[in-house]
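Here is my note on the model shown below. Please read the points with the coordinates open.

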Amino acid sequence: MSEYTAQRDAIKAAVTGVANIGRVHDRPRYGDFHDHYVVDGDDGWTVPHIRAWEIGLDDPGVVVERLSAGWRHRYRRWRVSGYVGLVDAAADDPVDSEGAAVAAAIGGASYHLITELAGSVADAIDIDPTLGGTCLHLHAPGDGANAVSYAEPTPLFLMGTILCWGVVLRFTTYTVIA
């Protein structure tokens with residue numbers, strides 16, 4: 001098994017282990033929206049809704065630096081993208097120029113859920129900074145700390161038309177290769 005495959009599988013296992021995570025894909029998905037992103041209300045919500053995560057490489061995906069005696073550093077930059085959209089007609093979110101449909105589609109419950117899930121995913125990945133021995137340790141982008149970083153969830157149009165909340169977690173694996 002390649003280093004990439006071993007790391008990807010370890011990340012997927014960590015993300016999949018988070019309670020009520022939804023669908024987890026080991027690559028970005030493009031295609032039939034419903035089959036890849038929608039769960040059918042079997043996790044406490046009574047209606048089908050968007051709850052999905054994609055694992056992929058960030059840009060640039062891999063950076064290799066030469067060391068002495070033929071050894072090299074390899075930094076692999078990972079991205080875990082999450083999407084949550086629940087119908088929340090009772091949301092007290094402010095209604096913008098798009099009207100009540102926007103507030104209903106990305107209501108407060110969706111925002112709070114994706115924020116909680118993002119924290120749980122970050123913890124699940126960060127708890128084992130070697131990803132099961134597939135790398136030496138994790139780096140947060142830019143500062144070199146052992147950590148997974150992410151920003152506040154933002155509203156976005158998934159597949160061009162479906163409004164939901166999205167969040168991106170970023171981290172870098174570090175290995176030394178011959």
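1. Terms and ground rules. Helices (H or I, at least four residues) and strands (E, at least two) are DSSP runs, numbered from the N terminus. This is a predicted model: local features need pLDDT of at least 70, side-chain atom pairs count only at pLDDT 80 or more, and totals for chains, interfaces and linings use all residues. Residues are numbered from 1 along each chain as its sequence is written, and side-chain values use heavy atoms, with hydrogens and water left out.

2. Overall layout. The protein chain has four helices and eight strands. Their order from the N terminus is α-β-α-β-β-β-α-α-β-β-β-β. Of its 178 residues, 43% are buried (buried means under 20% relative accessible area, exposed over 50%, partly exposed in between; 1.4 Å probe, protein chains only). The accessible surface is about 9000 Å², by the Shrake-Rupley method with a 1.4 Å probe. Carbon and sulfur atoms hold 54% of that surface.

3. Contact range. A contact means heavy atoms within 4.5 Å. Take the contacts between residues at least 6 apart in sequence: 60% of them join residues at least 24 apart.

4. Helix 4. This helix covers residues 108-126. Its 19 residues reach 27 Å from first C-alpha to last, close to the 27 Å expected at 1.5 Å a residue. The expected span is 1.5 Å times one less than the number of residues. Its buried residues include Leu113, Leu117, Val121 and Ile125. An α-helix has 3.6 residues a turn, so residues three or four places apart point the same way.

5. Ile125 against Ala124. Both sit in helix 4: Ile125 and Ala124. Which of them is buried, and which partly exposed? Ile125 counts as buried because its relative accessibility is 1%. Ala124 counts as partly exposed because its value is 23%. Leaving aside residues up to four places away in sequence, Ile125 touches Ile11, Ala14, Val15, Val80, Leu131, Leu138, Val148 and Phe171. With neighbours within four places set aside, Ala124 is in contact with Ala14 and Val18. For Ala124 and Val15 the C-alpha separation is 6.6 Å, at 109 residues apart in sequence.

6. Nonpolar core. The term covers a set of buried Ala, Val, Leu, Ile, Met, Phe, Trp, Tyr and Cys residues joined through side-chain atoms within 4.5 Å. The largest such core has 27 residues. Ile11, Val15, Trp53, Val80, Val121, Ile125 and Leu169 touch the most other members. Two or more residues come from each of helix 1 (3-16), strand 3 (49-66), strand 4 (72-85), helix 4 and strand 8 (162-177). Helix 4 gives the most, with seven residues.

7. Strand pairing. Two strands pair if DSSP finds at least two bridges between them. Strand 1 (residues 23-25) pairs with strand 3 in the parallel sense, over three bridges. Val24 stands opposite Trp53 there. Strand 3 and strand 4 pair in the antiparallel sense, over 13 bridges, and Gly56 stands opposite Arg79. Their hairpin has five residues between the strands, and Ala69 takes a positive phi near 55°.

8. Aromatic pairs. Rings of Phe, Tyr and Trp (its six-membered ring) pair if their centres lie within 6.5 Å; planes under 30 degrees apart count as stacked, over 60 as edge-to-face and the rest as tilted. The count comes to three aromatic pairs. One of them, Tyr75 and Tyr174, is tilted, at 5.1 Å centre to centre and 40° between the planes. Tyr75 lies in strand 4 and Tyr174 in strand 8, 99 residues apart. Both are buried. Tyr111 and Trp165 form an edge-to-face pair: 4.9 Å centre to centre, 70° between the planes. Tyr111 is in helix 4 and Trp165 in strand 8, 54 residues apart. Tyr111 is partly exposed at 21% relative accessible area, whereas Trp165 counts as buried at 11%.

9. A loop residue. Where is Thr134? Thr134 lies in the loop between helix 4 and strand 5 (137-139). Thr134 counts as buried because its relative accessible area is 18%. Neighbours within four places in sequence aside, Thr134 is in contact with Glu3, Ala6, Gln7 and Thr175.
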